[in-house]
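Subject: Structure handover

Hello,

Here is the structure for you to look through. My notes on what was found in it follow below.

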Amino acid sequence: MADSRAESEPLLSRARGGSGRDCLEGSAARRSVRGGPGTRSRRDLCFDQAAVFIEDAIQYRSINHRMDARSVWLYRLYYSNTCQWILSFTIFLILFLAFIETPSSLTSTADVRYRSAPWDPPCGLTESVEVLCLLVFVADVSVKSYLVGWAQFRMNLWLLAYLAVLVVSLMDWIVSLSLVCQEPLRLRRLLRPFFLMQNSSMMKKTLKCIRSSLPEMASVLLLLGVHLCVFTMFGMLLFTGEEQGDGQDRERLMYFRNLPEALTSLLVLLTTANNPDVMTPAYSKNRAYAIFFIVFTLIGSLFLMNLLTAIIYNQFRGYLMKSFQTSLFRRRLGARAAYEVLSSMTAEGEAHRQEVGVRPQDFLQVLQKVQLDSSHKQAIVEKVHSYGGDLLPADEFQKLFNEFDKRVIKEPPPRPEYLSPFLKSAQFLFSHRYFDYLGSLIALGNLLSISVFLVVDADVLPEDRDDFVLGILNCVFILYYLLELLLKVFALGLPGYLAYSSNVFDGLLTAVLLVLEISTLAVYRFPHPGWKPEMLGLLSLWDMARLVNMLIVFRFLRIIPSMKLMAVVASTVLDLIRNMRAFGGILVVVYYVFAIMGINLFRGAIMAPGNGSLAPDNSSAPCGSFEQLEYWANNFDDFAAALITLWNVMVVNNWQVFLDAYRRYSGPWSKIYFVLWWLVSSVISVSLFLALILENFLHKWDRRSHLQSLAGDPDTTCQRSVELLFRDVLEEPAEEELMEKLSHHPHLQLCR
């Protein structure tokens, strides 16, 4: 009762011409506590509420949650780094269990001919870990449900599904233990990816966009099916009426001997995986038959498949901007809520002042409570100090949150000061960018020398090789890298040298090379004609040194920022990596679900020849078959092998081999599984990936002039994130819209 009363009490109780009992009660309460013992506790509560709103704004979270003292404490604890790390680790752990639990992937190879018996964990081992993970998820959904309130929980489909998945998983876990882990199907394994999806708002948005584009994709897929059926019937009429004569006729008739085979052949041709194999027999008989296959490929592969990509891109066109717009609204809403809380305290403490705003000292005190890295805090503190002691109005308060989108670049430490003119000239020379270019040129020579000797020694037996010249070159290059390191430390100072990540990488690489080179010389002596370092174990020290030398190629990445067009492309790639986490998560979910389904459907279907298997011997297997190509490692006998098999099918190179093999070993129904996987992975997922790449790249490329203008910006201590880069093309939420949203907050009452 006390908690409910505290929650319903107006948090922002400054009456601004409003009316109603809540506002009156809030004002009376304010007068009663002013100067009383509860003033400090209420002030601390307001500070905690403002800190929570600011953290919600920084992380683009919803502010629709309980705001009483106990809920605020629980909310901040839940979103602390420790709790979120525990939740993320639990999600990773329960997904990783698929590699360990029966059937275990703990074997050196997936090839059924050479694979040893896998280790099967005893019943209850992985189940104990799994139930601990499920208990963490139970605590997670319980905390979320409490914080959003019962009314919001009933309307949140994701939380309801979260609860349902947990109930089913726990019931299935109980069934497993009651059957001593011998149950034929574990339903909860198919549900595990849900824990990953429900924990990512971006994955939910991506899934929502996919769901909204399903009708358009279904229309194209239906048209694609009609295209396949029409050409299948046409091909059956063209190619099954001929009498079987020579070998080419028999091979040609094999692709169209019945309706399922003809449909499968043309479906594979749609992916160009069996082109020109499927066309060659007919084309050898009569060149006019090529028209049939060319027209089919033009309509199916070049028109309909690209049309599907265009539809997905059209659906996702603006998806990035819509996501940024939603994030901007959440940022502004959280900031406005924090402003209202802090400005209400200003009105209580300084009732004689007519202006409305936030005291800078109050905001700075709240900022110390916010979970934020020190560099951003320091930037915001400096920004607030620039306002002096004046109250922060709402618009200036909102502008402070733009600092959170900037990636602060620390200023490098000051360089050493030398008195000698010669040392000053040397310092200028060795700190110049042309010295870096010289280092990259030397690294190129190192790389070319290694490549040349690898090509020359490719046809020479190891015992006949003479590594004298390459050994001398290696010593020279490593000495230069060591000299370059020392000269840069001289010019920049040790702190200045370590301030650049490229220098840290070069330094570590040089240290590794130097240790390997000294070890090589200590064991094999100095290079001389006929010098042949012996093979010790898997690799000799000499081979290890040559492999590490290949890492020198990364030195060239430092040249990219100096080339403007290449810098735009490189920055786009980096932004894609940062913003493709949602797509990567969706891909993980799809792979996980299909891998578990494949294990349940095809485990043990592929057996090594000679062990009671119907598989023919490699010498008698048809050319191009699963057995002749030795695809034995592509099976569904464990989770890791299933993932690799799905990857190989997704690439669609020779995927007709998998269709044929599993048709023979498991039955014709297996084609449904592989065709469905092809649709989800190669068609929908790849099209989605292309759409997101185009969306990101086009926006980035169109705004390259904006990037160039930033080069002359005096604010050189920070880099813009993607959100801030597109901020000027987003629509700022109106104040009325923000206040309207705040007025409907389920746990917050504004008295205005």
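Helix 20 makes a left-handed crossing as it passes helix 22. Please keep in mind that this is a predicted model.

Helix 20 covers residues 421-430 and helix 22 covers residues 468-498; their axes come within 8 Å and cross at roughly 115°. The two helices are therefore roughly perpendicular to each other. On the helix 20 side, the residues in the contact are Leu423, Ala426, Gln427 and Phe430, and they meet Leu487, Lys488, Phe490 and Ala491 of helix 22. Sorted by class, this contact of helix 20 with helix 22 has six nonpolar residues, one polar and one charged.

Helix 22 also packs with helix 21 (residues 433-456), here at an angle of about 160° and with the axes 11 Å apart. That angle makes helix 21 roughly antiparallel to helix 22. The crossing of helix 21 and helix 22 is left-handed. Helix 21 brings Phe435, Asp436, Leu438, Gly439, Ile442, Ala443, Gly445, Asn446, Ser449 and Phe453 to this contact. In helix 22 they meet Val469, Leu470, Leu473, Asn474, Phe477, Tyr480, Tyr481, Glu484, Leu487 and Lys488. By class, the contact of helix 21 with helix 22 has twelve nonpolar, five polar and three charged residues.

**The protein overall**

The protein has 32 helices and two strands. It has 752 residues, of which 45% count as buried. How many of the contacts between residues at least 6 apart in sequence join residues at least 24 apart? The share is 75%.

Val72 is placed in helix 4, which runs over residues 69-78. Its relative accessible area is 3%, so Val72 is buried. Leaving out residues up to four places away in sequence, Val72 touches Asp48, Gln49, Val52 and Met67. One of these, Gln49, is 23 residues from Val72 along the chain, and the two C-alpha atoms are separated by 6.7 Å.

Arg188 belongs to helix 8 (residues 187-191). Asp172 lies 16 residues from Arg188 along the chain, and their C-alpha atoms are separated by 6.3 Å.

Ser301 sits in helix 15 (residues 290-316). The relative accessibility of Ser301 is 12%, under the 20% limit, so Ser301 counts as buried. The side chain of Ser301 reaches the backbone oxygen of Leu270 at 2.6 Å. Besides Leu270, Ser301 touches Leu269, Thr272, Phe296 and Asn306, with residues up to four places away in sequence not counted.

**Backbone details in the loops**

Which peptide bonds are cis? Pro103 is in the loop between helix 5 (81-100) and helix 6 (125-155). Another is the bond from Asn275 to Pro276, where omega is near 5°. Pro276 is found in the loop between helix 13 (259-270) and helix 14 (280-285).

Cys181 is not a glycine, yet its phi is positive, at about 60°. Cys181 is in the loop between helix 7 (157-178) and helix 8. Its relative accessible area is 16%, so Cys181 is buried.

Glu630 likewise has a positive phi of about 60° although it is not a glycine. The loop that holds Glu630 lies between helix 26 (581-602) and helix 27 (639-651). At 40% relative accessibility, Glu630 falls between the limits of 20% and 50%, so it counts as partly exposed.

Regards

Notes: Residues are numbered from 1 along each chain as its sequence is written. This is a predicted model: local features need pLDDT of at least 70, side-chain atom pairs count only at pLDDT 80 or more; totals for chains, interfaces and linings use all residues. Side-chain values use heavy atoms; hydrogens and water are left out. Helices (H or I, at least four residues) and strands (E, at least two) are DSSP runs, numbered from the N terminus. Buried means under 20% relative accessible area, exposed over 50%, partly exposed in between (1.4 Å probe, protein chains only). A polar contact is a pair of N or O atoms within 3.5 Å; within protein, one must be able to donate a hydrogen and the other to accept it, and residues adjacent in sequence count only if both atoms are side-chain atoms. Contact means heavy atoms within 4.5 Å. Axes are lines fitted to C-alpha atoms, for helices over the stretch in contact, and angles run from 0 to 180 degrees between N-to-C directions. Angles under 35 degrees count as roughly parallel, over 145 as roughly antiparallel, 65 to 115 as roughly perpendicular and the rest as oblique. A crossing is left-handed if the near helix is turned anticlockwise from the far one by less than a right angle, and right-handed if clockwise. Ala, Val, Leu, Ile, Met, Phe, Trp, Tyr, Cys and Pro count as nonpolar, Asp, Glu, Lys and Arg as charged, and the others, Gly among them, as polar.
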